[in-house]
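Subject: Handover of a protein structure and notes on its features

Dear colleague,

Please find below the structure that I am handing over to you.

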Amino acid sequence: MKIEIRRLCPGDDALVMRVAEDVFDEPVRPDRLAAYLASSGHFMIVALADGIFVGQCAAVIHRHPDKVSELYIDEVGVAPAFQRQGIATKMLDAMFELGRKHGCEEAWVGIEPRNVSARALYEARKEPHGPAEDFVMYVYRL
């Protein structure tokens, strides 16, 4: 089966309505997707198999007044039946290229330490600046 890797753009909303299970954490809401795709600096790379959405990689550009622009990899998800086929790597490659085209000089991602499959994906890349860093995150309800 041929897998198509492409950027999702405003107006491509209908593609995500045919999504395989476990690509996203929650069901995709059309209004949220449209707002995401319309927001400057928000990107989504997708993997399609026979018109079915089987993978997604979402990222946001963080611009700073005192540092280089960074591409924050927010999420990567691939349907279980399509995992371990290089789809996540291809989506990351496409996302990194998109980040470079938009002036980003670095990319970063945070994961839970126990997420073994995600760690394997990111540690297999040739470009990391070094080993994984310790990371503490606080979440606030607004």
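The notes below begin with the whole chain and then turn to individual residues.

The model is predicted, so local features are given at a pLDDT of at least 70 and side-chain atom pairs at pLDDT 80 or more, whereas totals for chains, interfaces and linings use all residues. Residues are numbered from 1 along each chain as its sequence is written, and side-chain values use heavy atoms, with hydrogens and water left out.

Overall architecture

The protein contains three helices and five strands. Here helices (H or I, at least four residues) and strands (E, at least two) are DSSP runs, numbered from the N terminus. Along the principal axes, the C-alpha atoms fill a box of roughly 40 × 35 × 30 Å.

Of the 142 residues, 33% are buried. A residue is called buried under 20% relative accessible area, exposed over 50%, and partly exposed in between (1.4 Å probe, protein chains only). The accessible surface amounts to about 9800 Å², and carbon and sulfur atoms account for 52% of that surface. These areas come from the Shrake-Rupley method with a 1.4 Å probe, and for residues only the protein chains shown count as cover.

Contacts (heavy atoms within 4.5 Å) also describe the fold. Among those with a separation of 6 or more, 59% are between residues 24 or more positions apart.

Charges and salt bridges

There are 17 positive and 22 negative charges, and their mean positions lie 3 Å apart. In this count Lys and Arg are positive and Asp and Glu negative, while His and the chain ends are not counted. Each charge is placed at NZ of Lys, CZ of Arg, CG of Asp or CD of Glu.

How many salt bridges does the count come to? The count is three, where a salt bridge is a side-chain nitrogen of Lys or Arg within 4 Å of a carboxyl oxygen of Asp or Glu.

- Arg6 pairs with Asp12, with 2.8 Å between the closest N and O atoms. Arg6 is partly exposed at 27% relative accessible area, whereas Asp12 is buried at 18%.
- Arg29 and Asp31 are joined through their side chains, at 2.7 Å from N to O. Both residues are partly exposed, Arg29 at 39% and Asp31 at 45%.
- Glu97 pairs with Arg100, the closest N and O atoms being 3.1 Å apart. The two residues lie in helix H2 (residues 87-101), three residues apart, which is about one turn of the helix. Glu97 is partly exposed at 35% relative accessibility, and Arg100 is exposed at 52%.

A residue in strand E5

Ala107 belongs to strand E5 (residues 106-109) and is partly exposed, with a relative accessible area of 39%. Which residues does Ala107 contact, leaving aside its neighbours within four places in sequence? They are Leu71 and Phe96. Leu71 is 36 residues from Ala107 in sequence, yet their C-alpha atoms are 4.4 Å apart in space.

Residues in the loops

Most residues other than glycine have a negative phi. Asp22 has a positive phi, near 70 degrees. Asp22 sits in the loop between strand E1 (3-8) and helix H1 (30-38), and is exposed at 55% relative accessibility.

Asp50 also has a positive phi, in this case near 50 degrees. Its place is the loop between strand E2 (42-49) and strand E3 (52-62). Is Asp50 buried or exposed? At 61% relative accessibility, Asp50 is exposed.

Gly51 lies in the loop between E2 and E3 and is partly exposed at 34% relative accessibility. Gly51 and Ser39 are twelve residues apart along the chain, and 25 Å separates their C-alpha atoms.

With kind regards
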